[in-house]
Amino acid sequence: MLLARRNLLQDTMRLALSITGVALAVMLILLLQGFLDGMYRQIAAYLEHTPGTVVVAQEDVTNLLGATSLLPPGTAAAARSRGGTVAPILSQFVILDLHDKKQPVYPVGYDPASGGGPWRLAAGHAPQNNYQVVFDRILAQRHGMALGDTVEMMDRTFTIVGLSEETTSWMTSFIFIRKTAAEALWRIPGGTSFLLVTPPARMTPQMLRDRLTDLPGADALLKGDMIANDARLFARFFSAPLQLMIAIAFLVGTLIVGMVIYNATVERQREYGVLKAIGAHNGVLYRTVVAQALVVASVGTLVGIGVAAGIAQLIMALRPQFLIVLEGAAVAWALLAGMVMALLAALVPVRAIAGLAPAEIFRR
Amino acid sequence: MLRIALRNLFQNKVRLVIAVGGVALALMLILALDAVVGGMETKLTAYIDYSGADIFVAQSGVRNMHMAASALPLSVKSQVRAVPGVATVTPVLYLTNVVVSGENRHLAYVIGLPPNAAAGAPWRIVAGKALPGPREVIIDRGVAEQSGVRLGDTVEILGADFTVAGLSEGTANLTNSVAFIVRADFARLRGEAATASYVLVTVAPGESPDVVARRIEALVHDVTAQTRREFGAQERKVINDMSTDVITIMNMVGVLIGMAVMALTVYTATLARRAEYGVLKALGARNRQLCGVVLAQALISISIGFLLGVGSTLALAAIVPHTGLNLFLQLRSTVLLKVGAAAITITAVSAILPIMQIAGLDPAMVFRGKTK
């Protein structure tokens with residue numbers, strides 16, 4: 001262990017660079033995962049904050065944000081007749097052109113009497129007619145928009161009368177209009193996309209869902225299931241590129257640790273040879289190399305976790321549409337990744353030691 | 001000096017491999033992410049690019065298809081047809097829905113086509129019919145394979161059963177595919193008999209799509225008419241605008257990692273040869289010359305890393321489509337410039353430490369055996 005420490009501390013600049021390299025790789029892994037976890041939270045925000053525990057959607061539509069849902073006429077009345085309190089909404093994606101930028105938003109047309117609108121207003125009030133909109137506060141801020149400003153949505157102009165909180169994400173933001181405004185916007189008079197249904201007292205959400213399963217042309221899902229389906233859908237889009245990035249970051253980290261330990265080992269090859277010559281087993285030398293790798297990877301990983309937390313705060317301050325959540329599980333994975341990097345990185349130097357003939361050093 | 005730089009680099013193969021590999025991977029971070037976005041942009045516009053339409057007419061203010069909705073009164077079809085320069089008009093219905101087969105669900109743009117559609121139909125059929133009939137659907141071959149569906153099997157779309165009559169190719173991306181049914185089925189299931197989502201227009205020979213599109217907007221009320229090129233550009237802009245911030249952040253991380261790897265490599269390589277540099281200094285070599293060696297080392301490593309990074313990304317782009325992921329990577333020429341600039345920055349920054357090392361090297365130390 002003493003030898004390992006001496007080898008590492010022999011050149012502090014090299015040690016610092018290697019720790020920086022590992023920290024950057026770990027930081028990248030954590031940021032990518034935190035970015036994904038934050039996105040899941042953001043896309044679940046609407047369902048988590050609106051009334052109801054069961055969602056009724058068009059048959060075969062199992063998520064809020066993936067497919068367009070349009071319920072057959074009479075579905076709301078049928079759901080009410082089965083005991084639920086119903087909040088109908090009409091919603092789907094729209095692309096806004098804001099300051100020459102394409103901005104996808106998810107307008108929710110809701111009926112103020114039933115609910116389904118914004119749950120926390122930072123300023124202003126709910127829409128009171130078909131030409132008013134509650135805009136996401138962060139989206140408005142990003143585009144320098146304020147209460148009283150107008151926004152073009154498809155062929156209509158809406159005035160911003162309220163600014164909502166907790167409704168943003170980097171991909172899209174939730175905005176709110178009256179349901180009748182949404183019907184006019186999408187030319188679907190009386191149309192409803194989803195029903196947010198609340199069970200009466202003494203009825204569990206599961207019981208209500210089971211009662212609603214036979215609605216013609218519709219499917220009933222627990223809100224939690226629908227949130228999970230949305231997360232799965234987005235995971236499908238992002239998992240492949242994300243895994244690719246994480247794999248690259250992991251390899252880079254491994255190479256950095258590998259290079260440092262390899263250099264430290266090669267430089268001290270003679271000393272290792274002497275140790276071998278006086279009877280040290282390969283196992284002792286391997287442990288020295290692995291210990292060095294573990295120390296570099298551990299310190300690098302811990303620094304990486306700290307830096308990731310700092311950078312995440314910085315990114316969220318500069319770009320508030322991003323939510324980066326560093327979950328305990330992701331941190332544990334990063335620690336594990338750091339240890340695996342260390343072990344893989346120790347392979348090459350270990351081979352260099354294994355092939356070392358003790359007699360060689362005496363011939364030099 | 002170049003010879004010394006080359007010798008320094010190639011003397012220790014393991015170190016060279018690690019250095020070049022690290023730089024290649026760091027640059028690959030930037031390249032691969034951009035290639036993913038590039039691929040998404042290309043695939044996203046596949047339907048538009050291969051629709052055969054010269055102009056897309058949509059509800060006023062609607063300039064996109066992906067994540068968008070458009071509803072036009074069907075009367076627009078005859079109004080557009082009457083515009084000089086228009087050869088054919090094809091009103092299609094469109095929405096994003098699900099193709100269901102057993103437990104398999106695939107998001108799809110569902111396109112409702114009129115009989116004998118002049119545009120907007122599947123462009124490459126690998127099996128079955130080229131156009132769907134009533135209660136029939138043409139789905140993407142990849143989706144069919146993933147769902148275990150064959151010609152003649154039944155899938156569910158918009159809550160109704162459809163027989164798979166054809167399999168198309170090139171109609172899927174990372175997020176969804178395209179499914180083609182007849183307009184009448186679409187309208188019946190959605191109650192949209194009197195509307196069209198988009199009207200696809202072909203222009204008469206010799207007519208300019210740009211001119212005809214402007215003419216349509218002037219003569220038909222409450223519509224937005226865009227040429228295929230404009231419409232495709234608007235679609236690509238959605239992906240581009242959404243991903244700009246993410247790409248910027250990732251690029252910065254990629255550059256930082258590249259700098260750390262490169263700085264470490266050049267630093268350790270210089271450190272290992274400190275004694276030789278001392279001898280060279282003692283023999284009269286100037287600091288400038290020795291710094292040139294360090295810079296040359298960094299530049300050669302970066303160049304090899306750059307080529308390897310580009311090569312690996314190209315290899316990845318060739319392999320990924322065969323992995324069953326609907327992921328398509330496209331390396332764009334603009335990113336090569338960006339990565340080139342990043343590589344030069346990495347080289348310059350990574351050489352600073354070793355240069356400082358050499359500048360502070362006292363030749364006399366070599367002879368006292370104190371080079372470390």
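Domain bounds here come from an automatic or database domain assignment. The model on display is predicted.

**Chain B, domain by domain**

Select residues 2–44 together with 243–367 of chain B; this two-segment selection is domain 1 in the assignment. Then colour residues 61–221 of chain B, which form domain 2.

**Chain A, the corresponding selections**

In chain A, select 2–42 plus 239–363 for domain 1, and 46–232 for domain 2. The C-alpha centres of these chain A domains are separated by 47 Å. Their contact draws 6 residues from domain 1 of chain A and 6 residues from domain 2 of chain A. The domain 1 side in chain A holds 4 nonpolar and 2 polar residues, with no charged residue.

**Between the chains**

Now display both chains and select the contact between them: 56 residues of chain B touch 52 residues of chain A. On the chain B side, highlight α2 (13–44), β3 (86–101), β4 (104–113) and α8 (228–272), each of which supplies at least two residues. Which element of chain B gives the largest share of this side? It is α8(B), with 17 residues. Finally, colour the chain B side by residue class: 34 residues are nonpolar, 13 polar and 9 charged.

How values were computed
Residues are numbered from 1 along each chain as its sequence is written. Chains are lettered from A and ligands numbered from 1 in the order in which they are written. This is a predicted model: local features need pLDDT of at least 70, side-chain atom pairs count only at pLDDT 80 or more; totals for chains, interfaces and linings use all residues. Two residues are in contact if their C-beta atoms, placed from the backbone, lie within 7 Å. Ala, Val, Leu, Ile, Met, Phe, Trp, Tyr, Cys and Pro count as nonpolar, Asp, Glu, Lys and Arg as charged, and the others, Gly among them, as polar. Helices (H or I, at least four residues) and strands (E, at least two) are DSSP runs, numbered from the N terminus.
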